[in-house]
Amino acid sequence: MVLSALLTGLLSATLVGPLTTSAGAAAPDPTTATLRQLAAHTGMRVGTAVDTSALANDPQYRALVAAQFDTVTPENVMKWEVTEPQQGQYDFSQADTLVAFARAHGQKVRGHTLVWHSQLPAWVTSRDWTKAELRQVLKSHVQTEAAHFRGKIWAWDVVNEAFNDDGTLRDTLWLRVLGPGYIADAFRWAHQADPKAILFYNDYNIEGVNPKSDAVYSLLRQLRHQGVPVQGVGAQGHLDTQFPIPGDIVQNLRRFAALGLYSAITEADVRIPLPVDPTESAAQSAGYSAMLQGCLLVKRCISFTVWGFSDKYQWVPGVFPGEGSAALYDENFQPKPAYDQVRRDLALAPRGRARA
């Protein structure tokens, strides 16, 4: 199994610091504190994607979401197929419930996602559109959803997964009919509808420096120069213990910071070929730690979000046959070594930036 040497020297030396809060008070006890408590002094927020069905029906799941995290991301209920199942007929009820839960528990909400090629309703994908027609459809959806949640969303994933791994733009309905300008338009429309939300471009396999992250960097640099209101880049962080941990996460995030962008790890998980053995478990801990510590080392990296915290509700087995156990907690909500590693990283992190 592949274990990266990224962490041991650089990160342990850099992150060790006094366990005090930014105000100088004693830090939470690292043996009992929650993730959100341990993260508070760093200035970075720690979050989870939320399965709203589990939130409604599983008391233990609900309690852990409330206790452990200070941001939440809807897994599905802000996606187009849910929010606009028929043209012009919107349903935000499930998302509204999550927003209300977050407000009641002092949590920020990451909106996910306004423009994506997947999980679209049939009325969007089953007919031919003229450029003018589809542009109006996209504008209406982006602005209606962003306006509905205006003032309630901390950060939006405005455009999701627009690139292939080789750095070319993904062949989607939006690109075929509208051309590449749809990306800039989506950010402008979202900003008009909710000018205070932090607007992110979000994608997978862009944690380190590679052709895909180079292409994202080039696009975002161009958009920034054009005055397009893109304000952040989200690296999803779906890792696999069968492959090396990117060794240049910090370098990559810092180059986006140099553009004036925020960054975030938005969908972290580390999947394992089953069954799990001690080597795989150690590799998983290293993967989570690399992403978390990479974010902690970049002041403009403002949040670290796991894509589901329990294997009980994790997406990996349904997509990657023979793999799983990707979350911080197992199916019985028992914390794994990776959870303990995340706690240690947060506890040892020095005082950080002001929270965005």
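Me: Which two cysteines form a disulfide in this predicted model, and how far apart are their sulfur atoms?
Reply: A search of the whole structure finds 1 disulfide, and a bond of this kind is tested by the distance between two cysteine sulfur atoms, which must be within 2.5 Å. The pair that meets this condition in the predicted model is Cys295 and Cys301, with their sulfur atoms at a separation of 2.0 Å.

Me: Is the link of Cys295 and Cys301 left-handed or right-handed?
Reply: A disulfide is a covalent bond between the sulfur atoms of two cysteines. For Cys295 and Cys301 the angle about the S-S bond is -100 degrees, and the link is left-handed.

Me: Which elements do the buried residues of α12 pack against?
Reply: Helix α12 covers residues 249–258 and is mostly covered, with 7 of its 10 residues buried. Those buried residues include Ile249, Leu253 and Phe256. The elements they pack against are α11 (211–225), β6 (232–235), β8 (262–273), α13 (278–296) and β9 (301–306).

Me: Which residue just after α12 takes a positive phi, and of about how many degrees?
Reply: Helix α12 ends at residue 258, and the residue in question comes just after this helix. It is Gly260, with a positive phi of about 90 degrees.

Me: Where does Asn205, with its positive phi, lie, and is Asn205 buried, partly exposed or exposed?
Reply: Asn205 has a positive phi of about 60 degrees although it is not a glycine, and its place is in the loop between β5 (198–203) and α11.

Me: Is Phe333, which has a positive phi, buried or exposed?
Reply: Phe333 is not a glycine, yet its phi is positive at about 60 degrees, and the residue is found in the loop between β10 (323–324) and α15. Its relative accessibility is 5%, while the cut-off for burial is under 20%. Phe333 therefore counts as buried.

Me: What is omega for the peptide bond that joins Leu274 and Pro275?
Reply: Pro275 is found in the loop between β8 and α13. The peptide bond between Leu274 and Pro275 is cis, and its omega is about 0 degrees.

Me: Which residues is Ser281 in contact with, leaving aside its neighbours within four places in sequence?
Reply: Ser281 lies in helix α13 and is buried, with a relative accessible area of 16%. With neighbours within four places in sequence left aside, its contacts are Val276 and Pro337.

Me: How far apart in space are Arg355 and Lys299, C-alpha to C-alpha?
Reply: Arg355 has its place in the segment after α15 (337–348) and counts as partly exposed, at 32% relative accessibility. Beyond its neighbours within four places in sequence, Arg355 is in contact with residues that include Ala39, Met44 and Asp70. Arg355 and Lys299 are 56 residues apart in sequence, and in space their C-alpha to C-alpha distance is 9.9 Å.

Me: Why does the radius of gyration of the protein chain agree with a compact globule?
Reply: The protein chain comes to 15 helices and 10 strands, and its C-alpha trace spans about 55 × 45 × 45 Å along the principal axes. A compact globule of 356 residues would have a radius of gyration near 21 Å, so there is agreement with the value of the protein chain, 20 Å.

Me: What percentage of the residues in the protein chain is buried?
Reply: The protein chain exposes about 14,100 Å², of which carbon and sulfur atoms supply 52%. Of its 356 residues, the buried ones make up 57%.

Methods:
Residues numbered from 1 in each chain as written. Predicted model: local features only at pLDDT ≥ 70, side-chain atom pairs only at ≥ 80, totals over all residues. Heavy atoms only, no water. Helix = DSSP H or I, 4+ residues; strand = E, 2+ residues; numbered from the N terminus. Rg over C-alpha atoms; globule rule 2.2 N^0.38 Å. Buried < 20%, exposed > 50% of the residue type's maximum accessible area, 1.4 Å probe, protein only. Areas by Shrake-Rupley, 256 points an atom, 1.4 Å probe, with all protein chains shown as cover. Contact = heavy atoms within 4.5 Å.
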